[in-house]
Amino acid sequence: MALVRNEAMTPVAQAAVLVSFPVAAAAIGSGVALVRPPGPRLVSGIQHFAAGVVLAALAGEVLPRLREEGNLPWAVIGFTVGVLTMLALAAYGRSRDEARTNVSTRTLVMALPLGMLVAVGIDLLIDGLLVGLGVTLGATAGLILTVALTIEILFLSLSLAAELTETGLGRLQAGLICAGLGLITAVGAIGGVLVLGGASDAVLAAVLAFGSAALMYLAVEELLVEAHEQDESSLLTAMFFAGFLVIYVLGELAA
């Protein structure tokens, strides 16, 4: 936190420091998945916790700032574009899953990784943009969004590494690909700071709304949907509220 708050640091340097955590999470998650994959209930617990973290970041940092910015027409446009982008990625994911069951195993091994990696790369680019957005909002927002996205990317790399090995890739190849994809987050974060640093209020409102839609979709339609594939228990449900509470407390202490 001291590094992030250092006023001598440029926004690009702050983004580079913050984005190093999700980049590292991508490498760590893929390594863990390849060496000792976590059990389904542990994965569900992580997903519940991550969903709480993401919603807390959305409610505590992004939406209040969006309301302050005003510019309702631009906010509506940004939110709509965000929803359409996430729905398009989801539709692509469904078509990819259908292809998995409709084509031969040999064709799948050759064709699946490229399309899957493009979708994941776009997702990570958006995550990086959100980190860069957090830097433009201030030290606390940057820290909160980074924590939320680090946990999300950790889970994403766990899933991606396992899925890549199922397509026929070796463990080392799958790990290197996941770690390399994590670097896309850095591109999005630093690029986001450079683009948003001198952006007008209208553009910032549109990007905030876009980020709100992306975070909302991530928590509700991805993390929680997949988490509920396991039989629910009080402990798993409590993990969601624990994630929310951790980010709320962190935000209050950092304020």
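The model on your screen is predicted, so local features need pLDDT of at least 70 and side-chain atom pairs count only at pLDDT 80 or more, while totals for chains, interfaces and linings use all residues. Residues are numbered from 1 along each chain as its sequence is written, and side-chain values use heavy atoms, with hydrogens and water left out.

## Around Gly82

Gly82 belongs to helix α4, which covers residues 72–102 (a helix is a DSSP run of H or I with at least four residues, a strand a run of E with at least two, and both are numbered from the N terminus). If you now show the surroundings of Gly82 and leave aside its neighbours within four places in sequence, you will find it in contact with Phe210 and Ala213, where contact means heavy atoms within 4.5 Å.

## The whole chain

Zoom out next and colour by secondary structure, which comes to nine helices and zero strands. Reading along the sequence, you can follow the pattern α-α-α-α-α-α-α-α-α. Of the 255 residues, 47% count as buried, and among the contacts with a separation of 6 or more, 87% come from residues 24 or more positions apart.

## Where α3 meets α9

Two packed helices are described by the angle between their axes and the distance between the axes. Select helix α3, residues 40–69, together with helix α9, residues 234–254: they pack at an angle of about 35 degrees, and their axes are 7 Å apart (axes are lines fitted to C-alpha atoms, for helices over the stretch in contact, and angles run from 0 to 180 degrees between N-to-C directions). The crossing of α3 past α9 is right-handed, a term that applies if the near helix is turned clockwise from the far one by less than a right angle. On the α3 side, the contact includes Arg41, His48, Phe49 and Leu55, and on the α9 side it includes Leu236, Met239, Phe240 and Val246. The residues of this contact divide into 13 nonpolar, six polar and one charged (Ala, Val, Leu, Ile, Met, Phe, Trp, Tyr, Cys and Pro count as nonpolar, Asp, Glu, Lys and Arg as charged, and the others, Gly among them, as polar).

Stay with α3 and pick Phe49, which lies in this helix. Which residues does Phe49 touch, not counting residues up to four places away in sequence? They are Ile151, Met239, Phe240, Ala242, Gly243 and Val246. The C-alpha atoms of Phe49 and Phe241 are separated by 7.3 Å, although these residues are 192 apart along the chain.

## An aromatic pair

The structure holds one aromatic pair, meaning rings of Phe, Tyr or Trp (its six-membered ring) with centres within 6.5 Å, where planes under 30 degrees apart count as stacked, over 60 as edge-to-face and the rest as tilted. Show the side chains of Phe240 and Phe241: their ring centres are 5.1 Å apart and their planes stand at 80 degrees, so the pair is edge-to-face. Are these two buried or exposed? Phe240 counts as buried at 17% relative accessibility, whereas Phe241 counts as exposed at 51%.

## Further stops

Move to the loop between α3 and α4, where you will find Asn71. Its phi is near 50 degrees, a positive value in a residue other than glycine, and Asn71 is partly exposed, with a relative accessible area of 30%.

Go back to helix α3 and select Pro40, which counts as exposed at 52% relative accessibility. Pro40 and Glu229 are 189 residues apart in sequence and 9.3 Å apart in space, C-alpha to C-alpha.

Next select Thr150 in helix α6, residues 139–166, a residue that is buried with a relative accessible area of 17%. Not counting residues up to four places away in sequence, Thr150 touches Phe21, Pro22 and Ala25.

Finish at Leu18 in helix α2, residues 11–35. Leu18 is buried, with a relative accessible area of 2%, and between Leu18 and Ala189, 171 residues apart in sequence, the C-alpha to C-alpha distance is 8.8 Å.

Note on methods:
Buried means under 20% relative accessible area, exposed over 50%, partly exposed in between (1.4 Å probe, protein chains only).
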